[in-house]
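Please open the model in a viewer and keep the sequence panel at hand.

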Amino acid sequence: MSVSLLIGLEKIVSKYLPDSASKPMKVYAALLQSQDEKIDYIFVKNLTGLSSVELTRAIKNLSDKELVDTFIGEEDTRKKYLCLTDKGKAFKLELIEEVANGS
């Protein structure tokens, strides 16, 4: 993802999440880039460079806004996953449309 696209996305996200800090945006961006329905908590942690505490707070922020859900793995209950909610997916489509329109 290019720097200019990231800057554009940050402006759009801040329009929709004005009280949001950069950490929740980093987590949401990681979910946006994923081709999978679910993404591993540790993968997001490594991708964003956030500490466990920072990541937990960022996820709570997104979860409180009903954009992200967390769940425990069925096969390995030690694994934690994140996924976009329906509202999070709709927000993703809005972001894509905004970027495509050059807003």
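Predicted model: local features only at pLDDT ≥ 70, side-chain atom pairs only at ≥ 80, totals over all residues.

**The whole chain**

Begin with a cartoon of the entire chain. Five helices and three strands are present, and from the N terminus their order is α-α-β-α-α-β-β-α. The chain has 103 residues, of which 37% count as buried. Among contacts with a separation of 6 or more, 55% are between residues 24 or more positions apart.

Which residue of strand 3 is the bridge partner of I72? The partner is K80.

**Helix 2 against helix 4**

Now display helix 2 (residues 22-33) together with helix 4 (residues 52-64). Two packed helices are described by the angle between their axes and by the distance between those axes. Here the angle is about 80 degrees and the axes are 8 Å apart. Helix 2 is therefore roughly perpendicular to helix 4, since angles of 65 to 115 degrees fall in that class.

Show side chains at this contact. Helix 2 contributes K23, P24, V27 and Y28, which meet E54, L55, A58, I59, N61 and L62 of helix 4. By class, the residues of this contact comprise seven nonpolar, one polar and two charged.

**Helix 3 against helix 4**

At what angle do helix 3 and helix 4 pack? The angle is about 110 degrees, and the axes are 10 Å apart. Helix 3 and helix 4 are therefore also roughly perpendicular to each other. On the helix 3 side the contact involves Y41, V44 and K45, and on the helix 4 side S52, L55, T56 and I59. Four nonpolar, two polar and one charged residues make up the contact of helix 3 with helix 4.

L55 and I59 of helix 4 deserve a label in the viewer: both take part in the contact with helix 2 and in the contact with helix 3.

**Salt bridges**

Turn to the charged side chains. Side chains of opposite charge can pair when their charged atoms come close. Five salt bridges are found in the whole structure, and three of these can be visited in turn.

Select K89 and E37. Their side chains meet in a salt bridge, with 3.2 Å from N to O. K89 belongs to helix 5 (residues 86-100) and E37 to the loop between helix 2 and strand 1, so that the pair links distant parts of the chain, 52 residues apart.

Select K79 and D40 next. The closest N and O atoms of this salt bridge are 3.8 Å apart. Because K79 lies in the loop between strand 2 and strand 3 and D40 in strand 1, the pair ties together parts that are 39 residues apart in sequence. Is D40 buried or exposed? D40 is buried, with a relative accessible area of 18%, whereas K79 counts as partly exposed at 35%.

Finally, select D76 and R78, whose side chains meet in a salt bridge of 3.0 Å, N to O. D76 counts as partly exposed, at 25% relative accessibility; R78 is exposed, with a relative accessible area of 74%.

**A last stop at S34**

Return to the loop between helix 2 and strand 1 and select S34. At 15% relative accessibility, S34 counts as buried. Which residues is S34 in contact with, leaving aside its neighbours within four places in sequence? The contacts of S34 are I39 and K92.

Key
Residues numbered from 1 in each chain as written. Heavy atoms only, no water. Axes fitted to C-alpha atoms, helices over the stretch in contact; angles between N-to-C directions. Helix = DSSP H or I, 4+ residues; strand = E, 2+ residues; numbered from the N terminus. Parallel < 35°, antiparallel > 145°, perpendicular 65-115°, else oblique. Contact = heavy atoms within 4.5 Å. Nonpolar A, V, L, I, M, F, W, Y, C, P; charged D, E, K, R; others polar. Pairing = 2+ DSSP bridges. Salt bridge = Lys/Arg side-chain N within 4 Å of Asp/Glu carboxyl O. Buried < 20%, exposed > 50% of the residue type's maximum accessible area, 1.4 Å probe, protein only.
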